[in-house]
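Let's take a walk through this protein together, one spot at a time. Keep the sequence and the 3D view open as you read.

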Amino acid sequence: MLKKTLLTVSLVLIQMSVCLGDFDTVGVYDPEDAPHHNQVDQSGTYDSHTGNAGPENVLTVTDFQAMVARAFETDAGGVVSGEGPDDSLPADDIIVALFGLSKTKSVAVASTSGNLSLGSGASSGNRLPTSGDHRFAKSGTGNYSFTLDEVTGGEPGERITHFGATLLERDDRETLPVVTATFTDGSTVTATADMVGDSASPSNKDTFVGFAAPAGEGIVSVNFVMNQYVTMDDIAFITSAFRPNPEKASAPVPADGTTDAVRDGLTLSWTPGEAVTQQAVYLGTNFEDVNTAAPDSDLFVGQQDANSLLLDRLSLGQTYFWRVDGVKGNSVFQGDLWQFTVEPVSFVLPAASITATASGSNSDAEGPENTINGSGLDAQDGHSNTLSDMWLSQPVQDDPAWIQYTFDQPYALDQVWIWNHNTSLEPSLGFGMKDVTIEYSLDNTTWVTAGDTHVFEQASGQPGHSANTIVDLTGVAAQAIRMTAQSNWKGLVPQFGLSEVRFMVLPIRARRPDPATGSAVSDPQLTLSWRAGRQAEIHRVYLGTDINDLPLIDEVSDSHYDTTAFNPQLGETYTWRVDEVNDTEIPSLWTGDLWTFSTPQALIIEDFESYGNSSPHRVFQTWIDGYGFSNPAPGNPGNGTGAALGHDIWSPTSEHFNASIMESTLVHGGEQSAPFYYDNTDKSVSEITRTFDPPQNWNRSGIQALTLYFNDRADTPGTFYVKVNGQQVTLDRDSDLVTPLDWGLWKQMSVDLGSLNTNLEAVTSLVIGMQGTGASGVAYLDDIALVKTKPPAVHETAVLLIEAEAGQITEPMTVRAADPTASGEQYLAVPPGNRSTGEPPSTGIATYSLTVTGGTYKLYCRTIASNGESDSFWVRILGAATNTANHASGWIRWNGVVKGADWQWNPVFSSDDDNQPVVFTLPAGTHVLEIGYREDNILLDALVLTELGE
């Protein structure tokens with residue numbers, strides 16, 4: 001049994017004390033004590049007695065046991081068991097489980113349905129896992145509801161992907177609890193846990209309930225709906241860092257199930273299994289043959305060191321199966337079976353690209369458009385025999401009946417599929433076209449006859465009629481097709497009809513652009529690529545910002561173009577197209593479609609989102625501080641300055657002990673920022689250094705300035721600076737913003753790159769530093785970027801500090817006291833059950849008086865928002881103009897305040913204007929500020945008004 005620690009944290013006392021309990025984290029479950037324990041019956045479809053399969057995403061205890069044991073070997077699982085010395089949990093019911101080989105990972109499991117406690121259960125016998133006699137209980141009867149946070153201290157974005165719990169039924173209490181897991185994509189799965197005992201033991205049974213998130217998703221909550229009292233023993237989980245079969249190859253390219261794969265030059269690639277030395281590859285067109293193939297099979301491609309394989313030309317439209325076995329010594333680990341399908345010979349031309357006209361129609365309901373709009377077709381492409389689902393001409397005398405299809409542009413036509421006229425009277429009246437002349441045209445003026453007269457087979461007149469005539473058009477280029485009827489199938493009435501017509505076109509034009517049309521790219525300097533037209537020899541690339549005047553940029557022989565020489569600019573929308581050329585074909589030129597992409601306003605150098613607690617993903621392994629690192633070898637001794645990057649998660653006395661290196665509460669953008677601790681007590685400077693290898697080109701895309709966001713909490717202020725290739729520029733840290741409270745204002749600082757005497761086409765290093773004798777404190781860094789124009793230097797000066805409880809307060813908003821972490825130990829609260837999310841409230845408003853000299857202002861509030869259901873207010877300053885679009889009522893809907901268990905500053909922003917910070921324009925004089933409740937349980941401590949100036 002691996003011994004771990006469970007922290008139980010009180011929201012109110014989070015900054016004062018942490019209560020430790022003696023909890024177990026285990027890796028192997030105890031499967032004993034059958035038959036009354038460890039049984040599963042999910043939603044009536046999975047039964048431990050019959051072994052029937054359960055609903056999707058519901059796990060059996062056997063599967064969960066097997067996975068959780070392996071998860072601990074790979075440092076990606078944890079179990080919280082109800083063992084503690086004091087039989088109590090704090091009132092706020094947040095359970096923080098520490099796990100991982102060094103206990104550097106943690107996850108919060110919060111009960112949102114009532115207070116948890118720890119009870120005894122000595123008579124319960126061996127449970128799952130073997131964790132002693134204690135279990136979780138909840139005050140009162142009814143539901144358990146848990147929310148599951150992301151993993152702290154793990155890989156970026158690591159989440160709980162598997163969740164299990166053991167429910168205990170005693171004394172004929174609740175027997176059929178309904179349990180629902182909710183996933184990050186919003187989907188859910190529900191299981192009913194059968195806890196009904198049997199005749200041998202009618203009321204002494206444990207039931208395990210387990211869930212697995214869909215691929216790529218996590219579990220965000222688990223809700224147990226119960227009518228009576230039920231206790232729970234263990235809560236177990238596995239995270240997304242876990243690979244159940246690490247020796248298996250994974251991440252196939254093309255992805256499993258891919259369609260429209262290239263036929264020429266397709267490269268298979270994959271991520272090798274852990275510790276395997278070679279890969280044995282199998283490829284074929286039959287699932288079972290590839291699945292069972294051995295090295296002596298014709299399907300064995302070979303055994304190799306590389307994790308990629310270039311294939312020869314493949315067959316159009318063929319589905320291929322492939323498998324990669326990992327070889328480690330004398331052991332072979334058979335891989336999963338993957339498949340892909342090569343692009344088809346031709347593609348269906350969508351109805352949106354076709355206009356149908358005809359010589360005439362029998363009625364408005366029987367127009368020619370019925371032959372292309374899919375009316376009457378079922379899922380198997382069978383057509384109805386309903387008259388209004390087809391086209392029927394009016395009776396004709398001297399002029400023949402015809403139907404014409406005009407396309408939005410020329411296409412290379414491969415085939416046309418015909419569903420002939422198909423009413424129930426077709427066998428007797430024979431309205432379906434029989435002898436038909438087909439003509440095609442590129443200009444709708446000059447027409448060419450396609451082959452001889454074509455015979456369209458007669459329809460059955462029964463529902464479900466399939467296409468039974470296919471005309472080969474041999475790839476002719478056309479923008480219009482006309483079908484002229486020479487006869488119908490009975491000759492009784494001079495009327496002619498069709499049910500459905502489908503055109504198949506060859507992929508002659510360039511297609512599948514990358515980036516996809518309409519995309520926003522992360523870097524203006526990119527490589528454009530596309531799927532080449534099937535006959536193309538040369539690709540002419542057009543690119544520019546004027547859609548009506550695109551210049552020819554280059555002619556290339558491969559289906560990609562590097563835009564480095566073109567030098568796309570930041571903050572632009574570009575249009576591009578690729579014309580396909582082959583002088584040996586007719587026509588020799590196929591004009592491409594227009595595609596677009598937009599470039600970012602800024603080029604991100606660092607957003608600090610990719611770092612975590614695990615080596616080599618620690619932030620100080622990329623940005624070298626004064627202390628360096630030793631693991632992985634050979635490490636780095638550091639730069640010898642007074643800088644320490646990242647929170648101290650190793651020292652027991654640190655407030656961040658066993659938490660996260662990165663800062664997740666005080667951030668400018670995204671989910672994380674970087675804590676930069678500086679101490680010049682014994683050093684002249686504190687610096688962190690990022691080295692770029694290969695060097696970066698900052699002399700492109702219209703770049704003029706380097707910007708970064710900085711949030712300083714100085715004990716002793718210093719001078720902030722950056723160095724680019726060793727060239728130092730001092731930045732204004734605007735120390736006027738220090739307030740008596742824990743200030744949290746982000747400042748944008750910028751460097752005019754044109755003022756530097758260095759080679760901006762080869763930037764090898766960026767240094768961020770603090771100088772000044774005795775300077776010390778912590779600054780938070782975020783969103784370092786290159787921009788096209790240097791932003792104006794805007795300074796904010798704190799002009800007014802207001803205690804939240806100092807205003808005029810109306811119910812249900814209330815003043816609470818006795819919180820030593822709050823300013824003045826008092827704060828405002830919105831009691832549970834009070835919500836006004838749709839419209840601003842008429843009461844429950846805090847009103848304050850503001851006297852200003854006039855100008856532009858921002859408002860910051862010190863809040864605690866515990867979760868996404870308790871993170872908003874309504875805000876307005878009467879008579880103020882704002883830079884944002886606001887709620888229709890005129891109030892600012894401020895929703896999505898940064899969540900956390902301690903007080904933090906947040907700028908007021910408008911949720912009706914993409915969460916843009918609100919800038920208030922106020923004339924000189926006294927104004928009224930109002931803050932109204934929107935959601936319950938959010939807390940408000942203080943307000944600061946800042947004035948903006950350049």
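Glu805 is buried but makes no salt bridge, and the nearest side chain of opposite charge, Arg862, is 9.3 Å away. Some terms, then: buried means under 20% relative accessible area, exposed means over 50%, and partly exposed is in between, using a 1.4 Å probe and protein chains only. A salt bridge needs a side-chain nitrogen of Lys or Arg within 4 Å of a carboxyl oxygen of Asp or Glu. For charge, Lys and Arg count as positive, Asp and Glu as negative, while His and the chain ends are not counted.

Keep in mind that this is a predicted model, where local features need pLDDT of at least 70 and side-chain atom pairs count only at pLDDT 80 or more, while totals for chains, interfaces and linings use all residues. Residues are numbered from 1 along each chain as its sequence is written, and side-chain values use heavy atoms, with hydrogens and water left out.

So where does Glu805 sit? You'll find Glu805 in the loop between β54 (795–803) and β55 (808–809). Helices (H or I, at least four residues) and strands (E, at least two) are DSSP runs, numbered from the N terminus. Setting aside residues up to four places away in sequence, Glu805 touches Val815, Ser823, Gln826, Tyr827, Leu828 and Asp941; contact means heavy atoms within 4.5 Å.

Some of those names turn up again in the strands. Strands β56 (residues 814–817) and β57 (residues 826–829) run antiparallel and are joined by four bridges, with Ala817 opposite Gln826. Two bridges also link β57 to β68 (residues 939–949), again antiparallel, and there Leu828 has Leu940 as its bridge partner. Two strands pair if DSSP finds at least two bridges between them.

Next, an open sheet: three strands in the order β34-β36-β39, with antiparallel pairing. β34 (511–514) and β39 (560–562) are at the edges with a single partner strand each, so one side of each has no neighbour in the sheet. Between β34 and β36 (residues 527–531) there are two bridges, and Arg511 is partnered with Arg531.

In the loop between β35 (519–520) and β36 lies Asp523. Asp523 is partly exposed, at 23% relative accessible area. Beyond its neighbours within four places in sequence, Asp523 is in contact with Pro600, Leu603 and Arg700. Asp523 and Ile604 are 81 residues apart in sequence, yet 8.3 Å apart in space, C-alpha to C-alpha.

What about the inside? A nonpolar core is a set of buried Ala, Val, Leu, Ile, Met, Phe, Trp, Tyr and Cys residues joined through side-chain atoms within 4.5 Å. The largest one has 43 residues, and Ile768 is among those touching the most other members. Not counting residues up to four places away in sequence, the contacts of Ile768 include Trp623, Phe720 and Ile784. A second, separate core has 32 residues, including Ile354 and Val501.

| Peptide bond | Form | Omega |
|---|---|---|
| Val253 to Pro254 | cis | near 5° |
| Asp693 to Pro694 | cis | near 10° |

Pro254 is in the loop between β16 (250–253) and β17 (258–261), whereas Pro694 lies in strand β47 (residues 685–696).

Finally, zoom out. The protein has three helices and 68 strands, and 51% of its 950 residues count as buried. Among contacts between residues at least 6 apart in sequence, 75% join residues at least 24 apart.
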